[in-house]
Amino acid sequence: MSRPLPPMLSVPEKKTAAAELFRDRHFFNSPVFTDLRDARASLSAPNPQTQPPSSSRALLLRYHRLLSSARDDPCAFDENLAFTWHDAFRPNLKHTSASLRFEKAAVVFNVGAASSRIAAAVDRAAEGGVKEACGEFQRAAGAFRAVGQMMEGEEGTVDMSPEAAAMLEQLMLAQAQECCFERALAAGTSPAACSKVARRAALYYEEAYAALVIPPLQNHFERSWLSHVQLKAAQFNAEACYRYAIELHDKMEIGEEIARLQFGINAVVDAKRTARGAPASLYDSVSRLEQDMNQNLEKAVNENNRIYLMRVPAAKLLSPLPSASLVRSASKSEILDAKAETGLQSS
């Protein structure tokens with residue numbers, strides 16, 4: 001690939017306080033009580049981010065299985081047992097509940113967070129790296145979707161709200177779709193097809209950004225997150241225009257080519273002007289794309305002035321670019337299957 005691969009976002013795992021499982025008679029009388037107690041205790045690390053995400057996910061999946069085998073009643077406990085979980089993005093905020101559904105949802109949230117950490121750490125330039133990262137991001141998307149469903153009617157911290165769950169699902173799908181775009185480029189896929197993949201990545205990022213700037217998520221996430229998602233939306237809108245313009249040039253539709261390139265460049269310039277706090281490597285990636293587009297624009301304008309003399313349509317007259325999604329959110333069974341580490345990519 002001509003440009004370095006930009007960074008991805010990962011979700012931090014939620015912290016939890018110790019829970020005295022013996023206070024519930026269903027747990028205490030379970031034949032797996034000792035294993036269940038030890039598994040729950042393993043989740044109470046002071047900083048979950050210090051252990052490898054694959055190890056963290058294995059512990060979470062084991063605890064979830066034990067939890068379900070010991071007691072599958074989602075109702076409140078009839079003893080003095082309650083679970084406390086901190087907000088992943090604002091650890092000073094926490095929620096305590098005697099609901100087993102809340103406990104399971106928090107565990108699934110952390111499964112999604114661990115999957116996102118695994119995906120973000122993958123070397124996508126290595127053989128098989130893009131496919132592995134794509135599968136993990138789809139698994140994370142499915143986990144956050146499941147959290148939203150499990151938390152219906154439940155109280156919790158903002159990170160587990162329906163709005164946050166939906167936003168995180170869209171963000172993970174955006175990053176999975178971005179992996180598909182990288183794979184398409186590496187495979188020499190046609191510019192028109194790459195444009196469709198890029199456009200869908202942009203739409204996923206736009207949906208995530210739209211949720212981040214309104215309540216209840218507004219001001220809940222760090223500014224760097226908003227800038228990252230904003231820049232990625234602009235980047236992939238520009239990539240879609242750039243690839244589509246290459247196809248237009250081959251068809252000698254120079255007027256629309258110029259308009260598409262100008263539209264994409266403007267999207268990047270506007271985002272760079274307002275986005276603050278994103279990784280420097282992401283700014284560099286976006287700037288290199290802008291440079292490539294400007295080179296093609298200069299060439300197209302010169303050719304149009306000398307040869308084609310075509311009318312350049314106004315941006316508002318351009319039809320929306322077509323898109324194609326190559327990803328999906330993993331099912332709950334796939335998320336909770338310890339053997340299904342990768343391979344969720346549908347393409």
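Modeller: Let me start with E20, which is partly exposed, with a relative accessible area of 40%. Keep in mind that this is a predicted model.

Colleague: What makes E20 partly exposed?
Modeller: Buried means under 20% and exposed over 50%. E20 has 40%, so E20 falls in between and counts as partly exposed. R23, at 34% relative accessibility, is partly exposed too.

Colleague: Why is the pairing of E20 with R23 called a salt bridge?
Modeller: The rule asks for a side-chain nitrogen of Lys or Arg within 4 Å of a carboxyl oxygen of Asp or Glu. The closest N and O atoms of E20 and R23 are 2.4 Å apart, so the pair qualifies. By this rule the count comes to 16 salt bridges.

Colleague: How do you know that D159 and K14 form a salt bridge?
Modeller: Their closest N and O atoms lie 2.9 Å apart, and the limit is 4 Å, so the label applies. This pair links distant parts of the chain: D159 sits in the loop between α5 (129-150) and α6 (162-186), while K14 sits in the segment before α1 (25-28), 145 residues apart.

Colleague: Are D159 and K14 buried or exposed?
Modeller: D159 has 1% relative accessibility, and K14 has a relative accessible area of 1%. The cut-off for buried is under 20%, so both D159 and K14 are buried.

Colleague: How do you know that the span of helix α8 is close to the expected one?
Modeller: Helix α8 (residues 223-250) has 28 residues and reaches 41 Å from its first C-alpha to its last, against 40 Å expected at 1.5 Å a residue. Why is α8 called mostly covered? Of its 28 residues, 21 are buried. After α8 comes M252, whose phi is positive, near 60 degrees.

Colleague: Why is R199 called buried?
Modeller: R199 has a relative accessible area of 17%, which is under 20%, so R199 is buried. R199 belongs to helix α7 (residues 191-212).

Colleague: What makes R199 and N237 a polar contact?
Modeller: Their side chains are joined at 2.5 Å, and the limit for N or O atoms is 3.5 Å. Beyond four places in sequence, R199 touches several residues, including E206, F236, L321 and S323.

Colleague: Why does T84 count as buried?
Modeller: T84 has 15% relative accessible area, and the cut-off is under 20%, so T84 is buried. T84 is found in strand β1 (residues 83-86). Among the residues in contact with T84, beyond four places in sequence, are K15, T16, H95 and T96.

Colleague: How do you know that domain 1 and domain 2 share an interface?
Modeller: The domain assignment gives domain 1 (1-162 + 332-346) and domain 2 (189-313). Between them they bury about 1,400 Å², 63% of it on carbon and sulfur atoms.

Note on methods: Residues are numbered from 1 along each chain as its sequence is written. This is a predicted model: local features need pLDDT of at least 70, side-chain atom pairs count only at pLDDT 80 or more; totals for chains, interfaces and linings use all residues. Side-chain values use heavy atoms; hydrogens and water are left out. Helices (H or I, at least four residues) and strands (E, at least two) are DSSP runs, numbered from the N terminus. Buried means under 20% relative accessible area, exposed over 50%, partly exposed in between (1.4 Å probe, protein chains only). A polar contact is a pair of N or O atoms within 3.5 Å; within protein, one must be able to donate a hydrogen and the other to accept it, and residues adjacent in sequence count only if both atoms are side-chain atoms. Contact means heavy atoms within 4.5 Å. The expected span of a helix is 1.5 Å times one less than its number of residues. Domain bounds come from an automatic or database domain assignment. Buried area is the accessible area (1.4 Å probe) that two parts lose on being put together, summed over both.
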